[in-house]
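Colleague: I am new to this one. Please take me through it step by step.

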Amino acid sequence: MKFSHRNVDGMESTVVVELKGKLMGGPEAEDFRDMFKGLTKEGKIHVVINLKEVDWIASTGIGILIRGYKTVREAGGDVILVHVGERTQQV
């Protein structure tokens with residue numbers, strides 16, 4: 001899994017997180033969790049997660065997303081998933 005994030009012009013507290021590859025856990029999971037903690041510390045509490053380029057999600061991947069969601073919600077924000085593929089919806 002690879003991920004990056006970008007700010008949304010004109011919306012200080014909003015960020016788009018781009019995921020790519022297989023969302024299965026592993027060493028990137030900790031980095032992903034740390035990214036959410038860093039974003040909330042910066043006041044980025046409205047997070048859009050783009051799953052367009054995610055070709056596989058395991059149950060561990062769902063756990064990673066839930067932890068990110070929990071981190072953002074505890075900071076008073078929200079998380080939106082976009083471009084959720086049919087296979088991902090089934091999981």
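Colleague: How many helices and strands does the protein chain have, and in what order do they run?

Modeller: This is a predicted model. The protein chain has three helices and four strands. From the N terminus on, the order of these elements is β-β-α-β-α-β-α.

Colleague: What radius of gyration does the protein chain have, and what would a compact globule have?

Modeller: The C-alpha atoms fill a box of roughly 30 × 25 × 20 Å along the principal axes. For 91 residues, a compact globule would have a radius of gyration near 12 Å, and the value for the protein chain agrees with this because it is 12 Å.

Colleague: What percentage of the residues count as buried?

Modeller: The protein chain exposes about 5700 Å², with carbon and sulfur atoms supplying 50% of that area. A residue is called buried when its relative accessible area is under 20%. Of the 91 residues, the share that counts as buried is 35%.

Colleague: How far apart are the centres of the positive and negative side chains?

Modeller: There are 13 positive and 13 negative side chains in the protein chain. The centres of these two sets are separated by 3 Å.

Colleague: Where does Ala-58 lie, and which residues does Ala-58 touch?

Modeller: Ala-58 sits in the loop between strand E3 (46–57) and helix H2 (59–74). Ala-58 and Val-47 are eleven residues apart in sequence, and their C-alpha atoms are 21 Å apart in space. Leaving out residues up to four places away in sequence, Ala-58 touches Leu-23 and Met-24.

Terms used. Residues are numbered from 1 along each chain as its sequence is written. This is a predicted model: local features need pLDDT of at least 70, side-chain atom pairs count only at pLDDT 80 or more; totals for chains, interfaces and linings use all residues. Side-chain values use heavy atoms; hydrogens and water are left out. Helices (H or I, at least four residues) and strands (E, at least two) are DSSP runs, numbered from the N terminus. The radius of gyration is taken over C-alpha atoms; the globule rule is 2.2 Å times the number of residues to the power 0.38. Buried means under 20% relative accessible area, exposed over 50%, partly exposed in between (1.4 Å probe, protein chains only). Accessible areas come from the Shrake-Rupley method with a 1.4 Å probe; for residues, only the protein chains shown count as cover. Lys and Arg count as positive and Asp and Glu as negative; His and the chain ends are not counted. The place of a charge is taken as NZ of Lys, CZ of Arg, CG of Asp or CD of Glu. Contact means heavy atoms within 4.5 Å.
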